[in-house]
Every structure is written in structure tokens, then in C-alpha cells.
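What follows is a walk through one protein chain, meant to be read with the model open.

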Amino acid sequence: MAFFHSMRRPRAAAMLAACVSLCAGAVLGYSAGTPATRGAASTRSGETAAAALARGKALYEQGRFVEARAAADRAIALDPANDEARLLRQAIEQHLAEAPATAAATAPSGITLLTPAQVSAVRLAELHEGDTHLRGTIDHATLVQFWNDVVKNEPGADTSERAEGAFLNPENFSQQVAAIRASGLQKYIDKIQLRSDPGDMVLFRTRVHPYVLENCATAACHASPTAKFRLLRPAGTSVSDQVLYTNFYILSTYTTGANGQEKMIDRDDPRKSLLLQYGLPKSIAATPHPGKIQVHRFPNEDSPDFQMMARWIRSLTFPTPVYQLPPAKGGAAATERGK
């Protein structure tokens with residue numbers, strides 16, 4: 001079996017024995033939901049833990065390790081007791097730890113990559129209550145200070161040593177994140193290093209971003225140095241977190257038209273998003289793609305891909321968050337806005 005051929009540590013044999021044969025990948029599906037339930041776990045359906053695991057294995061075999069990690073995380077979120085998904089997750093982490101850095105560590109002139117800290121900030125802004133199986137770190141000193149300054153001073157707080165130990169436990173990361181975000185104190189929020197994708201960003205990574213790379217971020221289109229609106233295109237087949245989230249940030253913040261009323265991603269009215277309208281034939285688009293380019297990625301608004309992407313936009317954090325990005329050394333974060 002090829003699944004764990006890249007593993008060289010002693011535990012690889014045990015993992016291999018526990019792993020079943022590869023299955024065909026499955027397509028991730030989300031339901032639309034209402035404004036009151038956007039992003040909640042109840043609005044996401046259509047995929048089982050087994051299907052997510054099979055998709056993760058297939059991506060692993062293709063060498064698409066970051067996407068495979070997202071699929072494994074999805075399987076674990078759907079079935080926390082799934083040992084096979086956790087074995088897959090460990091295999092992926094081992095490979096990523098041993099692999100050389102990806103070629104997409106720098107961006108072309110005109111775009112500044114989000115830093116890892118800024119990627120974490122965007123992830124935090126897009127979190128929903130249903131995103132509870134989080135991965136990342138908060139340094140111990142920050143947690144101790146937060147416990148003493150905030151948690152201990154809450155009305156009716158349990159300030160016992162047992163309660164303090166439970167809060168500071170690294171296994172309590174998801175609850176630590178929830179408590180710090182609920183406090184609204186930016187000096188603590190900036191200390192969170194979130195390394196897992198929120199559920200909505202899993203769909204962006206696996207379905208939406210590949211569409212953008214194939215149809216928008218091409219050398220002849222929005223990856224061109226002469227393009228007014230520019231996106232990043234990875235140097236190889238692997239898409240780093242920095243490239244993925246920089247493109248998401250650009251798409252999320254890009255506005256054009258009078259007073260910036262036209263948005264690339266319109267969370268108020270997803271179907272009006274330029275990302276969708278530009279993909280329609282000009283004869284039926286509410287906002288046709290400018291210039292002579294004939295895109296025709298969606299035959300009409302009823303097409304499955306148009307509806308899938310509209311549902312994804314509807315499931316994002318609402319209203320649009322104001323991203324609190326930590327300062328980047330050597331330059332600001334990517335900002336691509338229409339004039």
C-alpha cells in the first residue's frame with residue numbers, strides 16, 4: 001500500500017496496520033442555512049466521516065498534503081473517535097514537518113503574502129460556534145496572564161488550583177480560544193496561533209480556491225503582472241496556507257464601483273458577488289465581467305457550481321468581519337482594492 005510509504009519512523013508500521021485501503025474521494029456539500037444559522041454546525045451536511053477520510057487518503061496519495069490535512073480534520077470533526085482519521089492526520093503532519101518549504105514563500109511584486117500570524121487572525125475571524133476541534137497554540141505565559149486578569153475576575157468563577165490547571169491544559173485549546181475571543185481583548189487574541197481551518201475555509205480550500213486558480217488566477221488573467229485585480233498563483237501543485245489565505249483575503253476585501261458597492265464576495269447578497277456574476281454569460285449577468293473577456297464558467301444562476309459557491313458565501317461569518325491583522329514585518333498585509 002502506498003499510503004504510508006513516505007513514513008520512516010518506527011510508529012509507521014503500527015499506523016500502516018491500522019489503516020484500511022483507499023476509497024474514492026467524496027465531494028463536500030453544504031446546505032444553505034438562514035442568516036440566523038449561518039456557519040452553525042447544523043447548516044453543514046452531505047458528507048460522512050468515512051467519505052471525508054476517503055477524500056483525505058486520495059489527496060494524500062496525490063501529494064496534496066495541505067488539502068489532505070483539511071479532509072482529515074473534517075473527518076475527525078464529524079467523528080472524533082475515528083482512530084483511522086487521526087492516524088492519517090499524524091502521517092500528514094509527519095510528512096509536512098519533514099518536507100522542505102514550498103516554493104510559494106514569496107509573492108510577486110504588488111502583492112504581499114499574509115504572514116502566519118495574519119493567517120491565524122483570518123482563521124479566527126471566520127470561526128463559528130460549530131468549529132470546536134481546533135489546532136494551534138497559545139504560549140503558557142499568555143494563558144497564565146489571561147487566567148489572572150480575566151478568568152479569575154469573572155463573577156462566580158472557580159479559582160481553585162484544579163480549575164486553573166484544567167484551563168491551562170494544552171488539551172483545552174479550543175476552550176481557551178473561545179474564552180479569549182469572548183473577552184474581546186485584542187492583546188490576547190493576537191497571541192492565538194490557530195493552525196486549523198474553520199469549516200467554511202475547508203470548503204474554500206477544497207472547492208472554491210481550485211475554481212479560482214483554474215478560472216481566475218491564470219497567467220493570462222488575474223495572475224498577470226498587468227492585471228488591475230491580481231491574485232496569487234502557487235509555483236507548484238501544493239498550495240501553502242499563506243497563498244490560500246492571501247487569496248481569500250484579497251477576494252474578501254476587494255470592492256469596486258461607486259462607493260465600493262460592488263464586492264468580489266458579497267455576504268449581504270451572495271448571488272451579487274462579482275466572483276459569481278463574472279462567471280456568467282454577459283447577456284444574463286447582473287454585473288458582467290469587464291472588457292472583452294467571455295468567461296462563461298456558469299451557464300446560469302441555477303447551475304450546481306454557482307449554487308454551491310453562493311451557499312459557501314452565505315455560510316461565511318456575517319456580517320463581513322473587520323480583520324484585525326497583526327502588523328507584518330517588512331510590509332503591510334495584502335490589500336487589493338478596486339478604484
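Two residues are in contact when heavy atoms of theirs lie within 4.5 Å of each other. The model used here is a predicted one. By that definition of contact, and leaving aside residues up to four places away in sequence, Pro290 touches Tyr278 and Lys282. Pro290 sits in the loop between α12 (274–277) and α13 (304–315). Tyr278 is 12 residues away from Pro290 along the chain, and the C-alpha atoms of the two are separated by 8.2 Å. Pro290 has a relative accessible area of 49%, and therefore counts as partly exposed, since the exposed class takes in residues over 50%.

The protein as a whole has 339 residues, and 49% of them count as buried. Its secondary structure is made up of 13 helices and 4 strands. If contacts are taken between residues at least 6 apart in sequence, 66% of them join residues at least 24 apart. The accessible surface amounts to about 16,200 Å², with 54% of it belonging to carbon and sulfur atoms.

Helix α8 covers residues 173–183, and its buried residues are Phe173, Ser174, Gln176, Val177 and Ile180. After α8 comes Gly184, with a positive phi near 70°. Most residues other than glycine have a negative phi.

On the α6 side the contact is made by His140, Leu143, Val144, Phe146 and Trp147, and on the α7 side by Ala163, Glu164, Phe167 and Leu168. The crossing of α6 over α7 is right-handed.

Helix α10 (residues 199–215) and α13 have axes that come within 11 Å and cross at roughly 145°. Here α10 passes α13 in a left-handed crossing. From α10, the residues in contact are Asp200, Leu203, Phe204, Arg207, Val208 and Tyr211; from α13, they are Asp305, Met308, Met309, Trp312 and Ser315.

Helix α10 also holds His209. Is His209 buried or exposed? With a relative accessible area of 2%, His209 is buried, because the buried class takes in residues under 20%. Not counting residues up to four places away in sequence, His209 touches Phe204, Val239, Leu244 and Asn247. Of these, Phe204 also takes part in the contact of α10 with α13.

The last stop is the segment after α13, where Pro319 is found. The peptide bond from Phe318 to Pro319 is cis, with omega near -5°. In general, most peptide bonds are trans.

Notes: Residues numbered from 1 in each chain as written. Predicted model: local features only at pLDDT ≥ 70, side-chain atom pairs only at ≥ 80, totals over all residues. Heavy atoms only, no water. Buried < 20%, exposed > 50% of the residue type's maximum accessible area, 1.4 Å probe, protein only. Helix = DSSP H or I, 4+ residues; strand = E, 2+ residues; numbered from the N terminus. Areas by Shrake-Rupley, 256 points an atom, 1.4 Å probe, with all protein chains shown as cover. Left-handed = near helix turned anticlockwise from the far one by under 90°. Axes fitted to C-alpha atoms, helices over the stretch in contact; angles between N-to-C directions.
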